[in-house]
Amino acid sequence: NDLYDVHDIMVSTKAENTRPTLSGIANNKTYGGPKTVTVKDASGISSARYKKNDGKYYSFDISKTFAKNGKYTVYAEDYYGNKAEKTFTIKDTTRPSVSGVINRKTYTKERKITFSDNCGVKSVKLYMGSKVKTLTPEEIENGIELSGTGSFKIVVNDINGNSRTVLFKLK
């Protein structure tokens, strides 16, 4: 009468040597807008990190979107010690967009104005005569409505230092 069950255990002596994949980017390529990098490996990812320029490494989970200008190095390691690394650059030169008004145009009724940018709007300032209003994040996301009369200037800045200025009038 056996007190123990006997089980066969299979142990593999073959090492897994497939490097993780870093998808969404090509090594040493420059992109004009945001890029999302996804790391994958059949055995799982033990470490995914990135650094900007010559800065320190930061960890991320499986996927990370990069939008700010700079040179990035992305590194991944699987549970067997296989490593992969790619370097790429974000160089955004696209100016933000303003919809609802056109530069140097005069309007006779209220205007709904919206803002956008391929990498992200950082700030919007609205100049009304001698007054300056910095828009809130909600106003930037949802847009604003302007009515009344006067001369207006809108200055939109993106996260990479690109800007657009629109001058217009309401009568």
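Guide: We begin with a definition: a residue is buried under 20% relative accessible area, exposed over 50%, and partly exposed in between (1.4 Å probe, protein chains only). The model is predicted, so local features need pLDDT of at least 70 and side-chain atom pairs count only at pLDDT 80 or more, while totals for chains, interfaces and linings use all residues. Residues are numbered from 1 along each chain as its sequence is written, and side-chain values use heavy atoms, with hydrogens and water left out.

Visitor: How many salt bridges does the structure hold?

Guide: Side chains of opposite charge can pair when their charged atoms come close. A salt bridge is a side-chain nitrogen of Lys or Arg within 4 Å of a carboxyl oxygen of Asp or Glu. The structure holds one: E139 and K133 meet at 3.2 Å, N to O. K133 is partly exposed, with a relative accessible area of 31%, and E139 is partly exposed at 22%.

Visitor: Is D117 buried or exposed?

Guide: D117 is buried, yet has no salt bridge. Its side chain reaches the backbone nitrogen of C119 at 2.9 Å, and a polar atom of that side chain lies 3.1 Å from the backbone nitrogen of G120.

Visitor: Which residues have the most contacts inside the largest nonpolar core?

Guide: In soluble globular proteins, nonpolar side chains tend to be buried together. A nonpolar core is a set of buried Ala, Val, Leu, Ile, Met, Phe, Trp, Tyr and Cys residues joined through side-chain atoms within 4.5 Å. The largest has 17 residues, and those with the most contacts inside it are I113, F115, L146, I154 and F168.

Conventions. Lys and Arg count as positive and Asp and Glu as negative; His and the chain ends are not counted. A polar contact is a pair of N or O atoms within 3.5 Å; within protein, one must be able to donate a hydrogen and the other to accept it, and residues adjacent in sequence count only if both atoms are side-chain atoms.
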